[in-house]
Amino acid sequence: MDQGFFKQHISHQFNEELEDIHTRVLAMGGIVEQQLTDAVSAMVDGNRELAQTVITSDYKVNSLEVELDEACTHVLVRRQPTASDLRLVMAVVKTITDLERIGDEAERIGRMALYLLEEDRAVAPVAEMGAFGSHVRDMLRGALDAVARMDAEHAVRVAQQDIQADSQYEVVLQRLMDQMKKSPETIPRLMDIVWAARSMERIGDRARNICEYVVYFVRGKDVRHTSFDQMAREATGDRG
């Protein structure tokens, strides 16, 4: 592993602790990404077995969140980190929280897929949901790649994809509204698709959050609630 973004310490054990935390965050991210991939596939393909797998595997993510939270608390108490080390620990704490919530949203998509009947899928915007789900999955993958390399500029590029995710969300909602107006009897059933789409939109938001934490670690700047242009300037160190 390239340790260029880790400050080397006199204590080799401290170095190992930070490296281990970083590695475990990425492992947690990999599990969440697979959850999301399976949930979207279950929704689009009507695969009830896959949906059930997503629902029953959420405990793995919850367990990893607890373990990593304890590891970060240990570092804070025992090592009393400063500067970039403290930023790393804070970024990790925030990242694992967002990953756990992405896992929750993936589980919700899986549950919605489980409830859908074949006739529901026949009138739902399944193709649009598939494209939307693939996009937010790619955002999550890109965010995790930014975490792996602690690459602030890549993080900004991934975060900017949230604009497209929001647009796709609006397209799906419009298609659902049109179908509901055309066939009011489908409203109760299509609400499951609405909730699934809402979960995908939130996943996009949380992937963007993770990208913001990367910028925070690398540049020491909190870019939450800022424009994409401002985020890009902070990531590159261009204050002009």
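Guide: Buried means under 20% relative accessible area, exposed over 50%, and partly exposed in between, with a 1.4 Å probe and protein chains only. This is a predicted model, where local features need pLDDT of at least 70, side-chain atom pairs count only at pLDDT 80 or more, and totals for chains, interfaces and linings use all residues. Residues are numbered from 1 along each chain as its sequence is written, and side-chain values use heavy atoms, leaving out hydrogens and water.

Now the bridges. The structure holds 15 salt bridges (a side-chain nitrogen of Lys or Arg within 4 Å of a carboxyl oxygen of Asp or Glu).

Take Glu33 and Arg141. Their side chains meet in a salt bridge at 2.6 Å, N to O. Glu33 sits in helix H1 (residues 12–45) and Arg141 in helix H6, so this pair ties together parts 108 residues apart in sequence. Helices here are DSSP runs (H or I, at least four residues), numbered from the N terminus.

Next, Asp98 and Arg206. This salt bridge is 2.7 Å, N to O. Asp98 belongs to helix H4 and Arg206 to helix H9, so the pair joins parts that are 108 residues apart in sequence. Asp98 counts as buried because its relative accessibility is 4%.

Then Asp222 and Arg224. Their side chains meet at 2.6 Å, N to O. Both are partly exposed: Asp222 has 45% relative accessibility, and Arg224 has 37%. Elsewhere, salt bridges with shared partners link Asp20, Arg24 and Glu67 into one network.

Arg208 is buried, at 17% relative accessibility. Leaving aside residues up to four places away in sequence, Arg208 touches Met139, Ala159, Asp162, Thr226 and Phe228 (contact means heavy atoms within 4.5 Å).

Helix H6 has an aromatic partner as well. The structure holds one aromatic pair (ring centres of Phe, Tyr or the six-membered ring of Trp within 6.5 Å; planes under 30 degrees apart are stacked, over 60 edge-to-face, the rest tilted). Phe132 and Tyr169 form this tilted pair, 6.3 Å centre to centre and 40 degrees between the planes. Phe132 is in helix H6 (residues 126–149) and Tyr169 in helix H8 (residues 162–182), so the pair ties together parts 37 residues apart in sequence. Phe132 is buried at 0% relative accessible area. Tyr169 is buried at 12%.

Definitions and conventions:
Helices (H or I, at least four residues) and strands (E, at least two) are DSSP runs, numbered from the N terminus.
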